[in-house]
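Hi,

Here is the structure I promised to pass on to you.

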Amino acid sequence: MALVVSNLSVGRNGDQVLDAVSFSLESGSLTALVGPNGAGKSTLLQAIAGQLPIGSGTVELHGATLLPALARRELALMPQRGEIAWDFPITVGELVDLGRLVAARPGCCDVEAALQRVGLVGLADRRLDQLSGGQQQRALLARTLVQPAQILLLDEPCAAIDPPSRTALLKVMGQLRDAGLTLLVSSHDWGLDLDAYDRVLVLDRTVLADGTPGQVRQALGDLRVGNHCCG
Amino acid sequence: MLWWLQPLILALLVGALCPLSGTLLLVQRRLFQANLISHAVLPGLALAVALRLDPGVGGVVSGVAGALLAEQLSRGDRGSDGGDEAVLNTVLAGFLGLGVLLIPLLHIRVDLEAVLFGDLLAAGASDLVRTLVAFAAVLLLLGLRYRQLVYLGVDPMGAAAAGLPVRRLRLLLTLVTAFTVVSAMSAVGVVLVIALMGAPALLALTGALSLRQALVRSAALGLVISGAGFGLAIQPAINLPPGPLIGVLCMGLLPLAALRRR
């Protein structure tokens, strides 16, 4: 297993956001992390990335406890759209190149190759806010590819983009999985797009269901949480 | 002797310096910090005068202390209810009030009008040195930390996740802002400095392809505005204080910025 999360509990501003969360990720897998608003998806990704203090539990990477320094080297976190200053004066190429700032060793791609992998060739000199929402998300994804990380934590990369862009992004994520990267992708999507993932984790403070898309749909039906999750 | 040469050089230096710091703050969404620091310099300045120290040093210490106190008391997540804004404004007013109170309490003489609105024509060599030091500090920060500042500006959470020293970067930015504000004190005063930090930056950022380009543009704009303001102010037919005139000219940039952003 690439990543093993055991009994993870995290609090924020005095509230318990995650309670005894346990799951593991295989190397070279594409996993969806779904749940309603406030379920703790972003908190979980940030805690795994070493951005939030862990109350209890452990996060292990290839059998070793994931300390912040190791997390920075082996994991890349792509934040939600709302965290990015899209009007910042920066070109696509310069944004992607920022990934190299944190790389102690080169990632899988240089800037040009990363842009090629996400289908943004020829847009390196374009200002970031001149791209469509889907292209902006792919530019951010390209930045994580320049980092040396083997595990990508993507926080709602498909939010607020049109269906064709979402399909294109899911295809890119599938290609990255095929190339051996491990992806954990938070999402609000409960529709057919879930089938693009190998596995689905349903989170609402704790893990409610874990399995293939089909297994999870079945489990959610049994749990009768679908209605409140699927808004 | 060209009596206007030294004040003009100071006006041009401050005119280029303030927009540089202002652009850095604006892209980090921290321009309000310049306003806070500009008001928070007063207690340190008064104490330094009482202790016969360089007023600039006292101002920098006091300005940074005000900014750090406001940051400590703010939670950073109270945007919706304006809680952090209330904290920042209260610290700003508190430091300004403390400074005004210290003047009679310490039995010192401080030309408050010159501190608040500048007195460019009375500026001396020490003001020039102070501005050059501030300029060097800004250029050093840009030279050593440019890409980190870009990362922090475009994606603060990603920057933290990537292990960038976010707190240290913000502290350095605060320090450089305090240097800038204090150095601009004699030229445009601590109240009007915010116009020179904000307006050229706003105009320069529109359509800039990189932060570097925006910095160069904003410095050039500030230099022109400051030089023009000074040149106009000393015309016998006009004969007005340069600081407020520069502030008014900066306001004239805002419609241009609004037009360009459409």
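Predicted model: local features only at pLDDT ≥ 70, side-chain atom pairs only at ≥ 80, totals over all residues.

Chain A contains 8 helices and 10 strands. Its C-alpha trace extends about 50 × 35 × 35 Å along the principal axes. The radius of gyration is 17 Å, which agrees with the value near 17 Å that a compact globule of 231 residues would have. Of the 231 residues in chain A, 47% are buried. Among contacts in chain A with a separation of 6 or more, 70% join residues 24 or more positions apart.

Helix α5 of chain A, residues 133-146, is worth a look in your viewer. Its 14 residues should span 20 Å at 1.5 Å a residue, and the end C-alpha atoms are 21 Å apart, which agrees. This helix is mostly covered, with 13 of its 14 residues buried.

Where the two chains meet, chain A contributes 18 residues and chain B contributes 21 residues. The chain A side consists of 12 nonpolar, 2 polar and 4 charged residues.

Finally, the core. The largest nonpolar core holds 160 residues, and A:A142, A:L153 and B:V193 have the most contacts inside it. Helix α9 of chain B (residues 185-205) supplies the largest share of this core, 16 residues. Leaving aside residues up to four places away in sequence, A:L153 touches A:L45, A:I48, A:A49, A:L75, A:A76, A:L77, A:M78 and A:L184. As background, nonpolar side chains tend to be buried together in soluble globular proteins.

Best wishes

Note on methods:
Residues numbered from 1 in each chain as written. Chains lettered and ligands numbered in written order. Helix = DSSP H or I, 4+ residues; strand = E, 2+ residues; numbered from the N terminus. Rg over C-alpha atoms; globule rule 2.2 N^0.38 Å. Buried ≥ 20, exposed ≤ 12 C-beta atoms within 10 Å, placed from the backbone. Contact = placed C-beta atoms within 7 Å. Nonpolar A, V, L, I, M, F, W, Y, C, P; charged D, E, K, R; others polar. Expected span 1.5 Å × (residues − 1). Core = buried A, V, L, I, M, F, W, Y, C linked by C-beta atoms within 7 Å.
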